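Please open the structure in your viewer and keep the selection panel at hand.

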2 protein chains.
Amino acid sequence: MSFKEEQSRKIAEIEEILRRFLPKTESCQKIITDAMEYSLMAGGKRLRPLLMSETYRLFGGEKAVIEPFMAALEMIHTYSLVHDDLPAMDNDEYRRGRKTTHVVYGEAMGILAGDALLNAAFETAAMAFDMEDVDARIVGRAMQILASKAGVFGMIGGQVVDVNASGEKIDGETLDFIYRLKTGALIECAMMVGATLAGAAKDQVACVESIASKVGMAFQIQDDILDVTSTMEVLGKPIHSDEKNEKTTYVTWKGLAEAQKEVERLSNEAVCELRQLEPSDSFLEELLLSLIHREK
Amino acid sequence: MSFKEEQSRKIAEIEEILRRFLPKTESCQKIITDAMEYSLMAGGKRLRPLLMSETYRLFGGEKAVIEPFMAALEMIHTYSLVHDDLPAMDNDEYRRGRKTTHVVYGEAMGILAGDALLNAAFETAAMAFDMEDVDARIVGRAMQILASKAGVFGMIGGQVVDVNASGEKIDGETLDFIYRLKTGALIECAMMVGATLAGAAKDQVACVESIASKVGMAFQIQDDILDVTSTMEVLGKPIHSDEKNEKTTYVTWKGLAEAQKEVERLSNEAVCELRQLEPSDSFLEELLLSLIHREK
């Protein structure tokens, strides 16, 4: 099976897991579970749960305990998009070609659907405690990682600084902070939770965090590069949008050549560190490289 | 020490616990930890953490493991108020005589502060796994209760139906649903987490849930009664506001006399059930009665 075929198969499995853990009801709060499903099942690369399950497998994990955490992380990623799209934030009406949640369900339900997804993430992850043959201390440690990487010293912290900086020129240090937290933290979370639940030792989890941090940064810089070098046809969204919005990016900060060099450096280091952990896992290595060197 | 003095002392202890678990930073996302502190440290009865710690003690609990959960529950209650006050929801500019969070920090930060408090609640509760001499399975069970009582089958579910019904006449069944979930669920959560962490058996936790559910309902009906029978001086807010807003309440539904009878019935039952658990705990009994029969 080619990498692309294997990836598609794995994504289909993730979709099935997400659907299974989504709360359902026919009672009078049905509108909120509908809104949650609308936003969670909108497609996408399912990158974070995929990284989580592949890292789990890398360390020998083979139980169902990973599944509630995969769903939980995708719920957290999704809630952040739903709230990001709100009128008081980015005020976006479309995402991935579909109307955003608050446009379909109203602004109040948009806020509540985001809240409900964030809450459901922890409700879902906590289901792991009831699973057969699990070590509750390890599940507890995974909950700690999930919550801290999503919080004010993780994703939300990056989002706050990004929102605060919007419309202003920012320096390289602030840009680095936003990329590390807003994008990097959940990618670190994915791989760290995968390693932790598989029983990896502390220094191995730290090593995984280092890999993930480089992947996250390279992923985000590649985003900036594509905004300059790609075409609207390939990317599926307008290019040169950063320039138009006078947004500081890695490319406007360091220039295109330097940005490309940085992606190369980070991806080489990440792959090199990954090979030290496990020389033979080609799917995870290909996945990391496909993220970093993607063309859209 | 009188009941009032003891209550004040306990509330002061809770304030100290909340302050201890609030995330702090001097880094560039400081605005969000400021906004979290602004909303969390705004005073209030601290009813939910107080009920939690008293129920914990009732079942013989005497460790620090209860403290992160007390802080977590108050963070969840507070985030729900912060989001409730947003322009797209109730659009309130004042709460307890202070400007609401989004008025002070802007609407985007109001949304993010609510998100950050909800996330911090689980981050805080998960700290319990690191505490000395804890049973991780019991902490895991407490996390499950916390998350489910705050979610779409708990508080958020009630909030959704309340928001959806605003401006419309609703029937008694819907009113009951809103009261049980929007107010009742977190009170049930408080007492159930307290009992669970103290190692109470399943049937004892179920008994505590039944007591809390009656207390929550009586508390909410008493709110409706005070809106009709109190004065602005005593209540500290305008009376007859439900009538003015054409809001369906227990009093408009069943009449004042019936509402008062229902509070009496629920409180008698709750106290009777509590005495079966522990005949001698007078503070918790007084606390329940003070909530139900309060004059403001």
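**First stop: a phenylalanine in chain A**

Select A:F177, which counts as buried because it has 20 C-beta neighbours inside 10 Å. A residue is called buried if 20 or more other C-beta atoms lie within 10 Å of its own, exposed if 12 or fewer, and partly exposed in between, with the C-beta atoms placed from the backbone. The model is a predicted one, in which local features need pLDDT of at least 70 and side-chain atom pairs count only at pLDDT 80 or more, while totals for chains, interfaces and linings use all residues. Residues are numbered from 1 along each chain as its sequence is written, and chains are lettered from A and ligands numbered from 1 in the order in which they are written.

A:F177 belongs to helix α9 of chain A. Helices (H or I, at least four residues) and strands (E, at least two) are DSSP runs, numbered from the N terminus. What is A:F177 in contact with, leaving aside its neighbours within four places in sequence? The partners are A:V161 and B:C28. Contact here requires that the C-beta atoms of two residues, placed from the backbone, lie within 7 Å.

**Second stop: where the chains touch**

Colour the two chains separately. Their contact takes 44 residues from chain A and 44 residues from chain B. On the side of chain A that touches chain B, at least two residues each come from α2 (30-40), α6, α7 (136-150), α8 (155-165) and α9 (172-197). The largest share, twelve residues, is supplied by α6(A). By class, this side of chain A has 27 nonpolar, twelve polar and five charged residues. In this scheme Ala, Val, Leu, Ile, Met, Phe, Trp, Tyr, Cys and Pro count as nonpolar, Asp, Glu, Lys and Arg as charged, and the others, Gly among them, as polar.

Two packed helices are described by the angle between their axes and the distance between the axes. Select residues 66-84 (helix α4) and residues 107-126 (helix α6) of chain A; their axes come within 8 Å and cross at roughly 165°. The axes are lines fitted to C-alpha atoms, for helices over the stretch in contact, and angles run from 0 to 180 degrees between N-to-C directions. α4(A) and α6(A) are therefore roughly antiparallel to each other. Angles under 35 degrees count as roughly parallel, over 145 as roughly antiparallel, 65 to 115 as roughly perpendicular and the rest as oblique.

Among the residues that meet are A:F69, A:M75 and A:Y79 in α4(A), and A:L117, A:L118 and A:F122 in α6(A). The residues of this contact comprise 15 nonpolar, five polar and no charged.

Now select α2(B) and helix α6 (residues 107-126) of chain B, whose axes come within 9 Å and cross at roughly 75°. Consequently, α2(B) and α6(B) are roughly perpendicular to each other. Their contact includes B:I32, B:M36 and B:L40 of α2(B), and B:L112, B:A116 and B:L117 of α6(B). Its residues divide into eleven nonpolar, one polar and no charged.

Keep B:L117 selected. Not counting residues up to four places away in sequence, B:L117 touches B:M36, B:S39, B:L40, B:M75, B:T78, B:Y79 and B:V82. B:L117 is also one of the residues that touch the most other members of the largest nonpolar core, which has 191 residues. Such a core is a set of buried Ala, Val, Leu, Ile, Met, Phe, Trp, Tyr and Cys residues joined through C-beta atoms within 7 Å.

**Last stop: the loops**

Select B:T25, in the loop between α1 (3-21) and α2 (30-40) of chain B. Is B:T25 buried or partly exposed? It is partly exposed, because 14 other C-beta atoms lie within 10 Å. Leaving aside neighbours within four places in sequence, B:T25 is in contact with B:K30 and B:T33.

Finally, select A:N91, in the loop between α4 and β1 (94-95) of chain A. A:N91 is exposed, with 11 other C-beta atoms within 10 Å. Its phi is near 50°, a positive value in a residue other than glycine.
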